[in-house]
Structures are given as C-alpha cells and as structure tokens.
Amino acid sequence: MDIYVWIVSFLIIFMLHNLEEIIMIESWFKKTYPRVNKKIPAFVQQELNQYKDITSSQFSVVVFVFSVIISIFILLFVITEHYFIFLGLNLFFALNMFTHPLQSLFLRCYTPGVWTTILLILPYNILFFYHYYKAGILTVNTITGALVVMILLVPGFLISHKIAEKWIKPAH
C-alpha cells in the first residue's frame with residue numbers, strides 16, 4: 001500500500017480518536033470520575049486531579065498543539081523518507097491500544113477514547129505493522145530510530161498540556 005495512504009489513514013484515525021476524547025473528557029470528569037476515583041491508585045489520582053476540571057476547549061488546545069507536533073514529524077518523514085519517523089509516530093499512537101482498554105477494564109466503565117481505540121486504532125495498527133513487517137522495514141535500525149522518535153514525542157505531549165493550561169484556564 002502506498003505510504004501516503006498510510007499517512008492519510010493515520011491522520012484520520014488520529015483525528016477521530018482525539019475528537020472522541022475532546023467530546024467526552026469534560027462530562028467524564030464531571031459524571032464518572034467522582035464515582036470511580038477511589039479505584040484509582042493514589043499516585044495516579046494525584047495526576048488526574050490536576051485535570052478533573054479540564055474543559056473540552058482546554059483539551060482541544062492540547063490536541064491542537066500535539067497535532068502540530070505530529071504534523072511536523074510527518075512532514076519530516078515525507079521529505080526525508082526515513083521510515084523510522086513514521087514508525088515512531090505509529091508506535092507512540094499504538095500505546096492507546098493498551099492504555100484506554102486497560103483503563104476501562106480496571107475502572108469497569110467507559111473511558112474517553114476507548115471506542116475509537118478498539119474500532120479504529122487496533123485494526124489500523126495490526127495492518128500497519130503487518131505492512132511494515134512484510135515490506136522489510138522493521139529492522140533494528142528502524143526500530144531504534146522509532147524509539148528515539150517516541151522519546152522525542154513525550155516532551156511535546158507534556159508541553160501541549162502546559163500550553164493548554166496557560167492558554168485556557170478551567171472554569172471553577
């Protein structure tokens with residue numbers, strides 16, 4: 001399959017997943033979080049309590065900033081044709097296959113992002129990684145480079161949250 005089809009597929013699924021989270025995050029924290037927060041380990045509760053007042057608008061800023069960062073990496077991939085860049089983006093995104101379903105199972109409730117994870121991200125990643133494997137792209141060098149890309153995405157993800165906190169203050 002043409003790499004541009006993979007890029008467009010990635011962007012569509014990334015967008016749909018983030019839209020599910022944007023739409024559901026505020027109501028989940030207002031309605032569900034108070035009911036399930038006692039099930040959450042204390043160290044995780046401390047982190048989540050910072051976001052319990054997050055609004056959909058604020059979370060959309062997080063998504064926007066992180067989408068700009070992702071777009072820069074995709075542009076670098078298209079220009080350089082270094083497959084490890086796109087593999088790193090996909091590996092980072094694939095973490096959703098574990099986080100959202102495990103959160104939902106642990107809490108025994110819906111968590112924002114779980115439906116698009118199960119219905120879109122999981123099938124996409126199965127096909128994507130199968131394609132990379134069949135094309136011989138999954139090499140030690142490519143995987144190592146992808147891990148570096150994943151590490152570089154972490155500060156971008158954290159920065160996107162900090163920007164949103166500064167840009168849009170939650171209503172109290």
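A nonpolar core is a set of buried Ala, Val, Leu, Ile, Met, Phe, Trp, Tyr and Cys residues joined through side-chain atoms within 4.5 Å. The views below are of a predicted model.

**View 1. The largest nonpolar core has 44 residues.** Phe 10, Ile 70, Phe 86, Leu 89 and Leu 153 touch the most other members of this core. At least two core residues come from each of H1, H3, H4, helix H6 (114-134) and H7. H1 supplies the largest share, 12 residues. In soluble globular proteins, nonpolar side chains tend to be buried together.

**View 2. Contacts of Leu 89 are shown here, with residues up to four places away in sequence left out.** Leu 89 touches Phe 10, Ile 70, Phe 73, Ile 74, Val 149 and Leu 153. Phe 10, Ile 70 and Leu 153 are also listed with Leu 89 among the core members that touch the most others.

**View 3. Leu 87 is a buried residue of helix H4.** The relative accessible area of Leu 87 is 1%, and Leu 87 is classed as buried because this value is under the 20% cut-off. Not counting residues up to four places away in sequence, Leu 87 touches Phe 128, Phe 129, Tyr 132, Leu 138, Thr 142, Ile 143 and Ala 146. Leu 87 and Ile 72 are 15 residues apart in sequence, and their C-alpha atoms are 14 Å apart in space.

**View 4. Helix H7 has 28 residues and a span close to the expected one.** From first C-alpha to last, H7 reaches 41 Å, against 40 Å expected at 1.5 Å a residue. Thr 142, Gly 145, Ala 146, Val 149, Met 150, Leu 153, Gly 156, Ser 160, His 161 and Ala 164 are buried in H7. The buried residues of this helix pack against H3 and H4. Among them, Thr 142 and Ala 146 are contacts of Leu 87, whereas Val 149 and Leu 153 are contacts of Leu 89.

**View 5. The largest pocket holds about 1,300 Å³ of space.** Its lining has 41 residues, and Glu 21, Thr 99, His 100, Gln 103 and Phe 157 lie nearest the pocket centre. Two or more lining residues come from each of helix H1 (3-36), helix H2 (42-49), helix H3 (56-80), helix H4 (83-94), helix H5 (96-107) and helix H7 (140-167). H1 gives the most to this lining, with 8 residues. By class, the lining comprises 28 nonpolar, 9 polar and 4 charged residues.

Definitions and conventions. Residues are numbered from 1 along each chain as its sequence is written. This is a predicted model: local features need pLDDT of at least 70, side-chain atom pairs count only at pLDDT 80 or more; totals for chains, interfaces and linings use all residues. Side-chain values use heavy atoms; hydrogens and water are left out. On a 1 Å grid over the protein atoms alone, a cavity is a set of points where a 1.4 Å probe fits but cannot get out, and a pocket is an open set with protein on both sides within 12 Å along at least five of seven lines; lining residues have an atom within 4 Å of a point. Grid points are joined across faces, edges and corners, and a volume is the space filled by probe spheres set on the points. Helices (H or I, at least four residues) and strands (E, at least two) are DSSP runs, numbered from the N terminus. Ala, Val, Leu, Ile, Met, Phe, Trp, Tyr, Cys and Pro count as nonpolar, Asp, Glu, Lys and Arg as charged, and the others, Gly among them, as polar. Buried means under 20% relative accessible area, exposed over 50%, partly exposed in between (1.4 Å probe, protein chains only). Contact means heavy atoms within 4.5 Å. The expected span of a helix is 1.5 Å times one less than its number of residues.
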